[in-house]
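Let's take a walk along one chain interface, with the cut-offs spelled out as we go. Have your viewer ready.

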Protein chains: 6
Amino acid sequence: MELQLSTWPEVEEYLKRSKLIVIPIGSMEQHGPTGLIGTDAICPEVIAHKAGDISGVMVGPTFSVGVAQHHMSFSGSLCLRPSTMIAAMNDWANALAHHGFTKLVWFNGHGGNIATINAAFSEFYHLRNYAPANNGERVRCTLRNWWDLQGIAELCAKLYPEGHGQHATASEVAVTYSQYPERQRNDPLTPKIAPVRAPFSDAADYREKYPDGRIGSDPSLARAEDGALIVETAARSLVEEMQGLEA
Amino acid sequence: MELQLSTWPEVEEYLKRSKLIVIPIGSMEQHGPTGLIGTDAICPEVIAHKAGDISGVMVGPTFSVGVAQHHMSFSGSLCLRPSTMIAAMNDWANALAHHGFTKLVWFNGHGGNIATINAAFSEFYHLRNYAPANNGERVRCTLRNWWDLQGIAELCAKLYPEGHGQHATASEVAVTYSQYPERQRNDPLTPKIAPVRAPFSDAADYREKYPDGRIGSDPSLARAEDGALIVETAARSLVEEMQGLEA
Amino acid sequence: MELQLSTWPEVEEYLKRSKLIVIPIGSMEQHGPTGLIGTDAICPEVIAHKAGDISGVMVGPTFSVGVAQHHMSFSGSLCLRPSTMIAAMNDWANALAHHGFTKLVWFNGHGGNIATINAAFSEFYHLRNYAPANNGERVRCTLRNWWDLQGIAELCAKLYPEGHGQHATASEVAVTYSQYPERQRNDPLTPKIAPVRAPFSDAADYREKYPDGRIGSDPSLARAEDGALIVETAARSLVEEMQGLEA
Amino acid sequence: MELQLSTWPEVEEYLKRSKLIVIPIGSMEQHGPTGLIGTDAICPEVIAHKAGDISGVMVGPTFSVGVAQHHMSFSGSLCLRPSTMIAAMNDWANALAHHGFTKLVWFNGHGGNIATINAAFSEFYHLRNYAPANNGERVRCTLRNWWDLQGIAELCAKLYPEGHGQHATASEVAVTYSQYPERQRNDPLTPKIAPVRAPFSDAADYREKYPDGRIGSDPSLARAEDGALIVETAARSLVEEMQGLEA
Amino acid sequence: MELQLSTWPEVEEYLKRSKLIVIPIGSMEQHGPTGLIGTDAICPEVIAHKAGDISGVMVGPTFSVGVAQHHMSFSGSLCLRPSTMIAAMNDWANALAHHGFTKLVWFNGHGGNIATINAAFSEFYHLRNYAPANNGERVRCTLRNWWDLQGIAELCAKLYPEGHGQHATASEVAVTYSQYPERQRNDPLTPKIAPVRAPFSDAADYREKYPDGRIGSDPSLARAEDGALIVETAARSLVEEMQGLEA
Amino acid sequence: MELQLSTWPEVEEYLKRSKLIVIPIGSMEQHGPTGLIGTDAICPEVIAHKAGDISGVMVGPTFSVGVAQHHMSFSGSLCLRPSTMIAAMNDWANALAHHGFTKLVWFNGHGGNIATINAAFSEFYHLRNYAPANNGERVRCTLRNWWDLQGIAELCAKLYPEGHGQHATASEVAVTYSQYPERQRNDPLTPKIAPVRAPFSDAADYREKYPDGRIGSDPSLARAEDGALIVETAARSLVEEMQGLEA
């Protein structure tokens with residue numbers, strides 16, 4: 001069940017049986033020479049929608065631009081200041097809490113978002129400690145990264161024993177190819193596996209260290225059919241976790 | 001051409017031939033008993049994507065949550081504080097300008113966004129007046145509402161001589177049905193045509209005046225095939241306008 | 001009745017019979033080679049004070065600096081960032097609401113303010129949706145532009161069938177001359193009627209397109225006596241509208 | 001010379017001979033049972049305008065609402081959050097600096113503003129330390145309270161050997177009566193001289209301690225003719241000081 | 001009693017007998033060629049801790065970085081934007097008020113902080129006027145500068161009849177030497193007594209006027225034993241004042 | 001070498017041989033019935049100062065209040081809103097970068113700070129991507145938690161094979177006892193080892209789950225002599241790491 005494809009009476013009805021909503025959250029940023037800029041938004045969105053189809057859980061709109069300052073030397077990357085992102089996430093959370101949602105699961109597709117998402121949660125609790133609303137009912141924000149779901153690490157290790165990598169990974173690129181098969185690219189990359197180097201700081205530093213944008217990965221391994229399998233596995237794990245939260 | 005479905009080298013290539021990007025911007029808010037909460041985001045997104053397909057113009061990700069405080073008494077509506085929206089739009093605009101985009105066309109699907117979008121533009125120019133970047137190259141933000149495009153008003157008047165309305169309009173609902181035909185609802189509504197009353201203030205006032213959310217409309221008239229025609233017409237008009245801006 | 005010329009017991013007394021206040025809101029910005037920088041603040045202030053004299057309605061202090069980034073290439077223009085203006089207007093509105101005013105009529109003299117004023121209203125309602133004060137009594141913000149008042153368009157068309165224009169208009173300049181007759185200038189301008197061109201973006205762009213600051217106007221037509229007539233007409237229309245709001 | 005009554009070419013001309021501008025800054029707040037809410041804005045405005053008439057110094061628009069949280073339990077008082085006031089003052093200052101003003105004299109009428117005005121100056125310097133503009137030309141903000149001008153303390157002591165007070169003082173009320181003689185009130189007050197008590201904290205505390213709003217004063221002593229004398233004296237002192245700053 | 005050296009049950013116990021807390025607040029900024037950068041934080045901290053030892057009053061952690069933009073041309077100086085400092089002080093104050101502290105005494109070591117501290121208090125009261133918490137119990141913020149305590153001015157005048165000065169004063173440097181005797185420096189400075197000049201504006205202006213950072217002082221006079229005496233005297237005065245506030 | 005105990009010429013001298021500074025960053029929050037509220041600030045401060053003594057590295061003042069909303073139901077805990085903390089950390093970082101420090105090592109004592117510290121780094125890089133200062137020299141922010149230093153985990157496992165825990169850990173409490181031996185408490189706690197439960201959300205939830213504040217720990221095991229050993233080990237590891245960063 002997608003919030004954006006629901007009517008307000010349907011949401012009202014849903015809230016009688018569940019207070020939980022899954023909000024995909026990602027980023028718009030370069031994913032190497034063959035990966036899509038929207039990769040980190042597409043992955044959680046696709047998995048969450050699949051999970052919604054399976055289980056009927058409510059899925060919110062995708063919070064699609066995140067913290068990606070380190071990718072800004074590559075054309076097309078977008079980013080929010082962390083302080084803007086905290087403000088925007090709190091606006092979303094307050095609106096959802098106002099309607100009665102009390103379990104807000106932010107389902108994340110971008111490692112670079114984790115810190116700011118958690119900071120946004122602290123901001124949310126900070127303000128509610130002082131001014132509880134919702135008739136005092138407790139509202140909980142939860143962060144879940146899709147790659148941490150049950151079964152995903154194992155599946156990726158099996159699919160890509162070498163060259164899975166850290167950014168523009170074979171698995172995330174495969175997920176996007178499963179949605180947009182016409183975008184699949186499997187020409188060999190140079191170097192085949194991108195380097196892993198010392199930590200980066202700003203955007204210029206990132207580009208010097210990772211000239212084509214990849215970190216440690218060989219996304220030429222990515223296949224749409226692998227992506228479909230990952231989506232299926234992740235969606236089932238997500239459903240199971242959500243059932244745990246509902247209980 | 002969609003930014004989120006492009007690679008960074010493709011964006012770099014695009015910028016050699018055009019500095020223009022269309023950014024769909026909408027809202028998540030109730031659209032009456034049968035309209036989708038995502039209506040105002042879906043409409044500009046669908047039209048912009050179609051225009052991108054026709055013309056090759058770059059289309060950014062959809063800025064999907066806007067100013068909708070007056071809909072907050074209906075379940076599922078989300079909103080940003082205008083000051084948050086100004087901050088977020090400026091983050092997007094600064095990132096795009098950083099890459100060399102100089103014509104940012106915000107393609108809007110929600111009347112309630114117009115004021116804040118224009119305020120965000122003034123904030124953008126304000127800061128750039130004092131600290132011009134982009135080697136001093138001028139960056140222009142433009143607002144375009146889909147319903148103001150050439151030919152749309154006439155088409156809507158023809159399709160819905162009565163009951164088109166102001167919120168949850170027959171035309172916007174038809175556009176969403178053209179994308180999600182399984183969501184089409186044509187059961188009669190009561191009253192058939194929603195009332196138009198004095199201006200509303202806050203969310204409670206809105207709900208009192210417009211108990212089912214509609215203003216002056218009869219969205220039971222909406223048909224997917226009409227929506228497809230509206231999308232087609234709007235997309236062609238948008239392409240034409242963008243060609244004018246490119247010239 | 002002017003707030004700044006009242007004592008606190010007089011305001012307390014006023015609030016027993018009316019909850020309405022008119023707040024003139026304008027801008028400090030160039031108005032062509034012969035128009036005053038304060039034009040957009042002076043016009044609503046003068047009209048509102050006259051309306052207050054006629055009817056006894058409370059008139060607040062003038063919010064005198066607004067959104068004028070596009071005039072910043074002309075000496076003496078001032079402007080607020082829209083986000084600052086939203087914050088300041090909300091501080092004023094919260095204070096007035098705290099005292100029991102529930103009908104806040106922002107009486108505007110500057111087209112460039114409209115977007116940010118409406119954004120400020122949304123911010124106001126946004127915060128009150130979540131944290132209603134005033135014992136829950138509804139507070140309404142209304143925007144009224146002086147040139148939109150009943151009878152003004154007709155009067156201006158009659159007074160200035162040609163050369164009324166869009167910025168540094170003959171009518172607004174005439175209003176200021178009615179207050180400051182010693183500032184009246186009627187020497188011919190070159191060109192007689194300023195051009196109207198494509199929309200502007202930032203301050204540099206505005207100055208290139210409108211080198212002396214006027215848009216489409218011939219303010220050499222402005223006469224103090226016309227201004228007095230405009231003020232009289234506008235004040236009477238404002239009184240009538242306020243009586244409607246009081247009812 | 002008033003900025004709001006000048007044209008942009010006149011401001012441009014002025015800047016060739018002087019970089020100094022005086023900006024009256026005040027407050028809208030209760031001034032006891034007989035004092036005007038606008039007292040603290042009117043006093044610096046009237047004195048600055050008189051000084052402008054004498055000397056030709058440029059006088060900006062009045063920044064009329066300030067820090068007055070402690071007066072909020074009296075009807076009609078307005079106030080800005082200090083953080084809003086810092087933002088707004090910096091917007092004004094940046095605009096003036098952009099045009100080439102380098103000596104910004106904030107001419108203050110309200111003791112409660114002093115802290116925030118100085119904080120705003122520090123914010124201004126803070127940002128300019130890191131990002132100097134104006135071709136690196138130094139811009140200086142100066143605070144001047146009207147009651148601290150040469151000769152004023154002596155004059156007030158002579159006029160009001162008893163009952164001058166600290167808030168709603170005989171002298172400030174007299175200045176407003178000199179401008180608005182029809183508002184003069186000389187009925188005896190009870191108590192004749194308002195008490196002076198321990199420092200106050202918030203608005204409720206202030207009202208408990210000073211039930212009619214006055215602190216230590218007997219404004220029934222205020223006479224329009226005294227006010228005129230104070231204005232004259234203050235204006236001459238201000239002119240002299242400005243000449244010192246110009247040198 | 002130091003908050004940072006207490007356990008939470010001890011704080012809970014303390015709040016049964018007192019609602020008062022002293023919060024040292026200072027600055028990190030140059031103090032001339034021989035004074036410590038932490039001088040303005042060390043002084044109030046040392047005195048407050050001594051007062052806490054004598055009387056058992058609760059002493060909070062030191063708010064150690066303040067408003068010091070004018071010292072930024074000297075290596076090692078740190079500073080907060082006044083708007084940041086207002087936000088941070090309010091976060092501290094809200095937390096303390098949440099626990100039941102109602103008398104927050106900010107014990108200050110830096111003249112440059114005074115304005116912003118008072119602005120922060122107004123921000124605190126502003127927000128509490130509209131949304132009182134603590135079951136409506138009144139919370140009071142008080143500012144106390146250590147050099148204004150009973151007996152200090154006299155003691156400094158006696159210890160340093162010449163060369164006490166205004167910045168990097170002999171007395172404040174002596175206080176730091178009493179804590180860090182190994183840092184004592186008594187080599188003659190050139191000039192012996194630093195100049196006092198016209199008021200400074202930004203950091204560059206300060207450095208031009210005061211090339212070694214001192215204003216009017218000869219800190220080579222500072223001796224650890226004098227500092228110890230000052231600390232003792234100030235601590236006793238502070239205890240006495242706090243007992244007055246408790247009463 | 002401590003920044004707060006240095007003079008500005010000493011800092012200037014230091015910057016000729018090193019651009020690195022270590023900034024201890026902690027929290028003020030409950031640490032169980034026997035742990036100090038300042039534990040998370042004291043630990044990194046003590047270790048950093050020891051490392052500074054050994055190696056001569058510059059150590060900044062301690063950023064002592066952090067993100068601790070979840071501890072707010074225990075008396076004495078303080079916290080910053082994450083957005084305030086981001087602003088304050090950026091003020092510190094900009095000041096340090098202004099003086100020429102390019103390696104800012106934030107040495108952290110509180111797990112709850114990690115997210116917001118990393119968000120603050122992204123904010124820092126975000127702004128510098130667009131407006132690089134320091135003559136374009138790259139400035140790097142690094143986060144280092146003291147418990148992650150080489151050798152610490154092993155040492156703690158050896159010292160406390162059982163009951164080390166997650167909050168109010170035996171090791172952090174021991175470090176504080178090594179500094180404040182008079183505060184050592186070794187009475188048995190009930191339960192001996194605090195529970196570990198499902199993740200907490202807001203402050204009320206934390207208190208319900210962890211009624212005395214501890215998570216999984218038995219701090220009655222903490223001994224001053226163990227703390228001294230931990231400090232020694234951590235300081236040596238930190239020195240080694242800093243030498244690596246300097247290289």
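## Where chains A and B meet

Across the interface of chain B and chain A, the rule picks out 20 residue pairs in polar contact, both residues at pLDDT 80 or more. A polar contact here is a pair of N or O atoms within 3.5 Å; within protein, one must be able to donate a hydrogen and the other to accept it, and residues adjacent in sequence count only if both atoms are side-chain atoms. The elements of chain B that give two or more residues to the side touching chain A are α1 (8-17) and α3 (82-99); helices are DSSP runs of H or I with at least four residues, numbered from the N terminus. The largest share of that side, nine residues, comes from α3(B).

A word on ground rules: this is a predicted model, in which local features need pLDDT of at least 70 and side-chain atom pairs count only at pLDDT 80 or more, while totals for chains, interfaces and linings use all residues. Residues are numbered from 1 along each chain as its sequence is written, chains are lettered from A and ligands numbered from 1 in the order in which they are written, and side-chain values use heavy atoms, with hydrogens and water left out.

Here is the interface in brief, where contact means heavy atoms within 4.5 Å, buried area is the accessible area (1.4 Å probe) that two parts lose on being put together, summed over both, and a salt bridge puts a side-chain nitrogen of Lys or Arg within 4 Å of a carboxyl oxygen of Asp or Glu.

| Chain B and chain A | Value |
|---|---|
| Residues in contact | 49 of chain B, 49 of chain A |
| Buried area | about 4000 Å² |
| Salt bridges | two |

Carbon and sulfur atoms give 62% of the buried area. B:Leu5, B:Trp8 and B:Ser75 supply 18% of what chain B buries against chain A, more than any other three residues. A salt bridge joins the side chains of A:Glu10 and B:Arg183 (2.6 Å, N to O).

Now zoom in on B:Ala88, which sits in helix α3 of chain B. At 4% relative accessibility, B:Ala88 counts as buried (under 20% relative accessible area, 1.4 Å probe, protein chains only). Setting aside neighbours within four places in sequence, B:Ala88 contacts A:Leu80, A:Thr84 and B:Phe63.

Terms used:
Buried < 20%, exposed > 50% of the residue type's maximum accessible area, 1.4 Å probe, protein only.
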